[in-house]
Amino acid sequence: MASPSVLAVYPGTFDPITLGHEDLVRRSIQLFDRVIVAVAAGHHKKTLFSLEERLDMVREVFAPYPQVSVESFTGLVRDFVVARGGKAMIRGLRAVTDFDYEFQLAGMNRALMPDVETVFLTPGDQYLFISSTLVREIATLGGEVEKFVSPPVLARLQKKTAKGAV
C-alpha cells in the first residue's frame, strides 16, 4: 500500500520573494511530497507588488519544481491549510528575533488546527540576514539587491523601483 502524499503549506506575503524564501522551499521539498507556496493578499501590509505580480514572481521562480504549486489566499491561513488538506505549515527562522513571534504563532495555529504541525526551517547561512523588507528598502533607495533575489525578481524590482516608479 502506498503511503499518503504529505502536503506542506509555506505562507507569506513574498513582497518580493527572496533567495532565502527559495532556499526554504527547496529544503521543504526534501521533506514533503508537495508544497504550496501560499501568497497572502497582504491585507495587513502595504505591499510594493500587487498580489498578481507576487504570484507571477513566485510561479516563475518555482516553475522547474513540479511538486511546488503557488496559490493566493485571504483571511486566516488556517482556513487555507485545512481546505487543502495540509499536514504541515512551513515557517522560516532567521534569528532569535524571529523565534518569539513564530513560537507564539505556532502555538495559536496548533490551537486553531491541531492536526497540522508547524515546521521551522532555517535558511542557509548566506541567506540568514535577507528579508523582503530590507530588499524592498535597498531597491527603493537605488541600492544593489542582485545578491538577495533571483534574476526574474531582480528585473521586476528594478522596473518597479526605477526613478519615479515608486
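Is aspartate 79 buried, partly exposed or exposed? Aspartate 79 is partly exposed, at 39% relative accessibility. Buried stands for under 20% relative accessible area, exposed for over 50%, and partly exposed for values in between (1.4 Å probe, protein chains only). The model is predicted: local features need pLDDT of at least 70, side-chain atom pairs count only at pLDDT 80 or more, and totals for chains, interfaces and linings use all residues. Residues are numbered from 1 along each chain as its sequence is written, and side-chain values use heavy atoms, with hydrogens and water left out.

Confidence was examined through pLDDT, the predictor's confidence in each residue, from 0 to 100. The protein chain has a mean pLDDT of 92, and 95% of its residues reach 70 or more. Helices (H or I, at least four residues) and strands (E, at least two) are DSSP runs, numbered from the N terminus.

Ten salt bridges are found in a search of the whole structure. A salt bridge is a side-chain nitrogen of Lys or Arg within 4 Å of a carboxyl oxygen of Asp or Glu. Side chains of opposite charge can pair when their charged atoms come close. Aspartate 79 takes part in one of the bridges, with arginine 78, at 2.6 Å from N to O. Arginine 78 is partly exposed, at 24% relative accessibility.

Arginine 26 and glutamate 22 form another salt bridge, with 3.6 Å between the closest N and O atoms. The two lie four residues apart in helix H1 (residues 19-31), so about one helical turn separates them. Glutamate 22 is buried, with a relative accessible area of 7%. Arginine 26 is partly exposed, at 28%.

Glutamate 60 and arginine 156 also meet in a salt bridge, at 3.9 Å from N to O. Glutamate 60 belongs to helix H2 (residues 51-62) and arginine 156 to helix H6 (residues 151-160), so the pair ties together parts 96 residues apart in sequence. Glutamate 60 is partly exposed, with a relative accessible area of 41%. Arginine 156 is partly exposed too, at 28%.

Strand S1 is largely enclosed by the rest of the structure, because six of its six residues are buried. Leu7, Val9 and Pro11 point one way from S1, while Ala8, Tyr10 and Gly12 point the other way. In a regular strand the side chains alternate between the two faces of the sheet. S1 and S2 run parallel and are joined by six bridges; strands pair if DSSP finds at least two bridges between them. Glycine 12 stands opposite valine 39 in S2.

The loop between strand S2 (34-40) and H2 holds histidine 44. Histidine 44 is exposed, with a relative accessible area of 53%. Its C-alpha atom is 20 Å from that of valine 58, 14 residues apart along the chain.

The largest pocket has a volume of about 1,100 Å³. On a 1 Å grid over the protein atoms alone, a pocket is an open set of points with protein on both sides within 12 Å along at least five of seven lines, and lining residues have an atom within 4 Å of a point. The lining of the largest pocket counts 42 residues, with Pro11, Gly12, Lys45, Arg91 and Glu102 nearest its centre. H4 gives the most to this lining, with eight residues.

Methods. On a 1 Å grid over the protein atoms alone, a cavity is a set of points where a 1.4 Å probe fits but cannot get out, and a pocket is an open set with protein on both sides within 12 Å along at least five of seven lines; lining residues have an atom within 4 Å of a point. Grid points are joined across faces, edges and corners, and a volume is the space filled by probe spheres set on the points.
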